[in-house]
Amino acid sequence: MKKEDKIIAIQNIAKTISEYGCFYLVETAGLNAEKTTALRRACNKADIKLMVVKNTLLHKALESLEGDYSELYDVLHGSTSLMLSNVGNAPAKLIKECLKAEKDATLPRFKAAYVEETIYVGADQLSTLEAIKSKNELIADVIALLQSPAKNVVSALTSGGTKLHGILETLSKKED
């Protein structure tokens, strides 16, 4: 690969990474064509971009970006694929699904991730990443918490109004 081509590839990788909120580093080498195609389809369905990259180019792309990605450099060996997403836990859920689908599956193998400005390294972090709530899930939780007291007040007023109306109606019939 010519030096100019490498520079363009590094810029493309850096640009792609900066377009997404998080990325996962996974090993997919060793998957046969059928499983690779199934993984790509699952990624596409879950709105996850899957890219196979050269470790040296990825290393240089990460160096060119703002932020400290130095913890990720140690896992850049072997083959590396990038799973890019705007939802922090989506790639973790997809990896878990792929591993559950086949009894003795070891691929795709999680190496590391950058999610919400935090770096996670090691396969033991996959469960932690899967449990992280997305931004939309957190917003929904906050809205539900804010709506709960208002719903209780409206409910109390509605039921109280019905009781009051019933009492007034009973009193008015007794006077007749």
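Lys and Arg count here as positive and Asp and Glu as negative, with His and the chain ends not counted. The place of a charge is taken as NZ of Lys, CZ of Arg, CG of Asp or CD of Glu. On that basis the protein carries 23 positive and 23 negative side chains, and the centres of the two sets lie 5 Å apart.

The model is predicted: local features need pLDDT of at least 70 and side-chain atom pairs count only at pLDDT 80 or more, while totals for chains, interfaces and linings use all residues. Residues are numbered from 1 along each chain as its sequence is written, and side-chain values use heavy atoms, with hydrogens and water left out.

**Figure 1. Overview of the chain and its secondary structure.** Six helices and five strands are assigned, where helices (H or I, at least four residues) and strands (E, at least two) are DSSP runs, numbered from the N terminus. Their order along the sequence is α-β-α-β-α-β-α-β-β-α-α. The C-alpha atoms fill a box of roughly 100 × 40 × 25 Å, taken along the principal axes. The radius of gyration is 26 Å, whereas a compact globule of 176 residues would have one near 16 Å; the value is taken over C-alpha atoms, and the globule rule is 2.2 Å times the number of residues to the power 0.38.

**Figure 2. The ring pair Phe 23 and Tyr 69.** Rings of Phe, Tyr and Trp (its six-membered ring) pair if their centres lie within 6.5 Å; planes under 30 degrees apart count as stacked, over 60 as edge-to-face and the rest as tilted. A search of the whole structure finds four aromatic pairs. In one of them, the ring centres of Phe 23 and Tyr 69 are 6.0 Å apart and the planes stand at 45 degrees, so the pair is tilted. Phe 23 belongs to strand S1 (residues 22–27) and Tyr 69 to the loop between helix H3 (55–64) and strand S3 (80–85), so the pair ties together parts 46 residues apart in sequence. Phe 23 counts as buried at 2% relative accessibility, and Tyr 69 is buried with a relative accessible area of 7%. Buried means under 20% relative accessible area, exposed over 50%, and partly exposed in between (1.4 Å probe, protein chains only).

**Figure 3. The ring pair Tyr 24 and Phe 110.** The centres of these two rings are 5.7 Å apart and their planes are at 65 degrees, so the pair is edge-to-face. Tyr 24 lies in strand S1 and Phe 110 in strand S4, so parts 86 residues apart in sequence are tied together. Tyr 24 is buried, with a relative accessible area of 0%.

**Figure 4. Surroundings of Phe 110.** Strand S4 (residues 109–115) contains Phe 110, which counts as buried at 4% relative accessibility. Leaving aside neighbours within four places in sequence, the contacts of Phe 110 include Tyr 24, Val 26, Ile 95, Tyr 120 and Leu 129; contact means heavy atoms within 4.5 Å.

**Figure 5. Surroundings of Glu 130.** Glu 130 is part of helix H5 (residues 126–131) and counts as partly exposed, at 26% relative accessibility. Beyond neighbours within four places in sequence, Glu 130 is in contact with Asn 89, Ala 92, Lys 93 and Lys 96. Glu 130 and Ile 95 are 35 residues apart in sequence and 9.4 Å apart in space, C-alpha to C-alpha.
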